[in-house]
Each structure stands twice: as C-alpha cells, then as structure tokens.
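This report goes through one protein structure in short sections. Please look at the sequence and the model before reading on.

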Amino acid sequence: MTPSASDASSSSTAQQPWVAALWRRCITLFPLKLVGNTVATLGFFPLYFWIMKHASQAWVLPLTAVDHLIAFWPALLPVYLSLWGYIALPVLLAKDKRELSSFSFGCAAMTVFALLVFWFVPTAIPNFAVDTAPGTSLQFLKMVDSAGNAFPSLHVSFSVFTCVALARQLREVGAPRWLRIANMAWAVGIVYSTMAVRQHVLIDVLGGLALGVALGVATRQRGPALAPVHARPA
C-alpha cells in the first residue's frame, strides 16, 4: 500500500524531533524574551558611546603581522552587523527562566567588565586609511563607532559567548551536525569581519575571545547536566 500524505508528514516529524523542540523553546516565555532583549540592546548603546566620548586619551593598539595579512573587505559589513541578530538566538531558544537568566547574566557580566576596561584603560585601533564611499553603511559605521573602545572587543566576546550557548542548546535538542557547524561558521565569520572591516585588530580580538570563552565556561558550569530532548520521558 502507498502511504498517505498525512503518514508521510507524521513520519517526517517523527524523524526530526529537534525541529519541534526548537519551536517549543521559541514560544516559551516569548513576551519576556522579546521585551528583555529589546531593552538590553537599546540600553547598551548609550553607555557604550558615552564612555567612548568621555573616557581619557586612548592608547593606540599596535598592529601585528596577522593584522597586515588580513585584507580590507567591506563586503563583510553585513556579517559584522549580523551579531545583533545572532546574539538574540540563545535568548529566543532558552527553554526556561534559568537558562534565560544564565545567558543574560553572561552578557551583562561581559558588558560591565568591558565597559570598566574602556573607562579605566581606554584603547583605540590605529587610524586605518580605508576608502569608504560617501553615504554608504560602512562610512556611517566609521562615523558613529569610532576607533575607541577597542580592547577587549565586545563584538568578539558576544559572538563567542553566543556560539557556546547556542551550541549547547542545539546539542541538547539533538540538532543535526550541519546546523551546529553553521553556528560555528557564523561566529567565526563575525569574528573575522571585525578585522576585515577595520573595526578591531588582533590584540583586542584575542581579548574578546578570552572574555567570551571565560563567561561561556562559567555559565555552563552553573547549569544542569545536559541531555538530548528526545531521551527525556514524555
């Protein structure tokens, strides 16, 4: 007998329980996630730019051999800006208030630490001679987000911390390998773009990497042991 369309649909759903698990995570606490993520994002920028404007004279970071090897690649600006969508994913996929609080705590801790460094030990990247066409998004970025607040790179910290949290969530629901690889590739792309669009140099990228990994490990140790969602009793 030929299986019906409904049987095929049921079979497909049964073979991909991770899709249903991700959907359940998305709708859990959704209003709280939406409001919290919006408030946190909008509240971050005034503090960031206020410190950039009022901090004392910044120390210009030296360039390394790696910085000289990385070509200016303005086409990666969308990847650079995609951080603000990427960082929202672990919030959206938090399965409960505990997980949501853990990720929020990590982001807040990184932000406070970095802002303190920006204030007490202000740093800046060298004034790269990059050709930005008037009226483009890259020119606007260079005008708004100047060379200050360099070390550690919060862009890198947030990317790495998000990657660690999202990898844990994808592993917990039993997501396929290609999706977990895509998560890592997205994070790597954002980290590379920070240097390719001349917003950071290797030294502050390494500082951001260390900060993101440290908070990722710390929040992981705070949480309960992980188990694939399909292994849980109904």
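## A buried arginine in a loop

Arg198 counts as buried, because its relative accessibility is 12%; buried means under 20% relative accessible area, exposed over 50%, and partly exposed in between, with a 1.4 Å probe and protein chains only. Arg198 is found in the loop between α11 (177–196) and α12 (202–222). Helices (H or I, at least four residues) and strands (E, at least two) are DSSP runs, numbered from the N terminus. Although Arg198 is not a glycine, its phi is positive, at about 65°.

The model is predicted: local features need pLDDT of at least 70, side-chain atom pairs count only at pLDDT 80 or more, and totals for chains, interfaces and linings use all residues. Residues are numbered from 1 along each chain as its sequence is written, and side-chain values use heavy atoms, with hydrogens and water left out.

## The protein as a whole

The protein has twelve helices and two strands. Along the sequence they follow the pattern α-α-α-β-α-α-α-α-α-β-α-α-α-α. Of the 234 residues, 40% count as buried.

Contact means heavy atoms within 4.5 Å. Among the contacts with a separation of 6 or more, 90% come from residues 24 or more positions apart.

Most residues other than glycine have a negative phi, and most peptide bonds are trans. Leu29 is a residue other than glycine with a positive phi, near 55°. Leu29 lies in the loop between α2 (17–27) and α3, and it counts as partly exposed because its relative accessibility is 27%.

The peptide bond from Phe151 to Pro152 is cis, with omega near -10°. Pro152 belongs to the loop between α9 (137–144) and α10. Just after α10, Gly174 takes a positive phi of about 75°.

## Helix α10

How far apart are the end C-alpha atoms of helix α10? They are 27 Å apart, which agrees with the 27 Å that its 19 residues (154–172) should span at 1.5 Å a residue. The expected span is 1.5 Å times one less than the number of residues. Helix α10 is mostly covered, with 16 of its 19 residues buried.

Two packed helices are described by the angle between their axes and the distance between the axes. Axes are lines fitted to C-alpha atoms, for helices over the stretch in contact, and angles run from 0 to 180 degrees between N-to-C directions. Helices α10 and α11 pack at an angle of about 180°, with their axes 9 Å apart. That makes α10 roughly antiparallel to α11; angles under 35 degrees count as roughly parallel, over 145 as roughly antiparallel, 65 to 115 as roughly perpendicular and the rest as oblique. On the α10 side, the contact includes His155, Val156 and Leu170, and on the α11 side it includes Leu179, Asn183 and Thr194. The residues of this contact of α10 with α11 divide into eleven nonpolar, four polar and two charged. Here Ala, Val, Leu, Ile, Met, Phe, Trp, Tyr, Cys and Pro count as nonpolar, Asp, Glu, Lys and Arg as charged, and the others, Gly among them, as polar.

Helices α8 and α10 pack at an angle of about 165°, with their axes 10 Å apart. They are therefore roughly antiparallel to each other. In α8, residues including Glu99, Phe103 and Met110 take part in the contact, and in α10 those taking part include Phe158, Phe161 and Gln169. By class, the contact of α8 with α10 has nine nonpolar, six polar and two charged residues.

## How α3 packs against α8

Helix α3 (residues 30–54) and helix α8 (residues 97–120) pack at an angle of about 5°, with their axes 10 Å apart. They are therefore roughly parallel to each other. Leu32, Phe44 and Trp50 are among the α3 residues in this contact, and Leu100, Thr111 and Trp119 are among those of α8. The contact of α3 with α8 divides into ten nonpolar, two polar and two charged residues.

Val19 lies in helix α2. Val19 is partly exposed, with a relative accessible area of 38%. Val19 and Ala175 are 156 residues apart in sequence, and their C-alpha atoms are 7.8 Å apart in space.

Gly189 is in helix α11. Its relative accessible area is 22%, so Gly189 is partly exposed. From Gly189 to Leu76 the separation is 113 residues in sequence and 8.5 Å in space, C-alpha to C-alpha.
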